[in-house]
Amino acid sequence: MMSRVLVLNATFEPLAVVSARRAVCLVLDRKVEMVHSTDRAFRSEKRSVAVPSVVRLSRYVNVPRAPRRSPNRRAIFARDRDSCQYCGARAETMDHVLPRSRGGQHTWENVVAACRRCNASKRDRLPSESGMRLSRRPAPPSAVTWVELAAGGLPDVWADYLLPQGDLRSA
């Protein structure tokens, strides 16, 4: 399995997640410097290059803010840590807090992960009408959540570069 590498801007802000092969090419081209490496290496006949875990761009890149992404199941479940936002059980479905039948939109602020039981008992009502309460107010995922989705998880080495940005993995 090919490992993933966190790419930081020159200012140590997270930018992207790339394959280990791409990261090694960037290191060899001197476009990035290796911040953390793994215990593995790419080898050729004359050279051995450690496989990076975190790299930093040599020059600052101004990145325009991405347009807002639409909610999707994978991101909703990642944002809500695969748990029902009503009871805390393992989530299996998505629920519109303000039901679409009552004018609710398919937005980050209106969609939460829910277990089948809570979703079925809430039906097309508001949580307050169903005697339910959200564990936290839904919001768009943080940058850390997007990085986690791209990488398929957050290696411990990346925590120093991601968590200070305002997201806690245990939240």
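What follows is a dialogue on how terms are applied to this predicted model.

Mentor: Two notes on the basis: this is a predicted model, where local features need pLDDT of at least 70 and side-chain atom pairs count only at pLDDT 80 or more, while totals for chains, interfaces and linings use all residues. Residues are numbered from 1 along each chain as its sequence is written, and side-chain values use heavy atoms, with hydrogens and water left out.

Trainee: Why is the pair of Phe12 and Tyr161 called stacked?

Mentor: Rings of Phe, Tyr and Trp (its six-membered ring) pair if their centres lie within 6.5 Å, and planes under 30 degrees apart count as stacked, over 60 as edge-to-face and the rest as tilted. Phe12 and Tyr161 are 6.3 Å apart centre to centre, with 10 degrees between the planes, so the pair is stacked by that rule.

Trainee: Where in the chain do Phe12 and Tyr161 lie?

Mentor: Phe12 is in the loop between strand S1 (4–8) and strand S2 (14–19), and Tyr161 is in helix H5 (residues 159–162), 149 residues apart. Helices (H or I, at least four residues) and strands (E, at least two) are DSSP runs, numbered from the N terminus.

Trainee: What makes Tyr161 buried and Phe12 partly exposed?

Mentor: Buried means under 20% relative accessible area, exposed over 50%, and partly exposed in between (1.4 Å probe, protein chains only). Tyr161 has 13%, so Tyr161 counts as buried; Phe12 has 37%, so Phe12 counts as partly exposed.

Trainee: Why is strand S4 described as largely enclosed?

Mentor: Because 8 of the 10 residues of S4 (residues 48–57) are buried.

Trainee: How do you know that S4 pairs with S1 and with S3?

Mentor: Two strands pair if DSSP finds at least two bridges between them. S1 and S4 have 3 bridges in the parallel sense, and 8 bridges join S3 (residues 32–43) to S4, running antiparallel. Both pairs therefore meet the rule. Arg56 in S4 stands opposite Leu8 and also opposite Glu33.

Trainee: Why do S2 and S3 count as edge strands?

Mentor: The open sheet has 4 strands in the order S2-S1-S4-S3, with mixed pairing. S2 and S3 each have a single partner strand, so one side of each is left without a neighbour in the sheet.

Trainee: What makes the link between His96 and His106 a polar contact?

Mentor: A polar contact is a pair of N or O atoms within 3.5 Å; within protein, one must be able to donate a hydrogen and the other to accept it, and residues adjacent in sequence count only if both atoms are side-chain atoms. The side chains of His96 and His106 make such a contact at 2.9 Å. His96 lies in strand S5 (residues 93–96) and is buried, at 16%.
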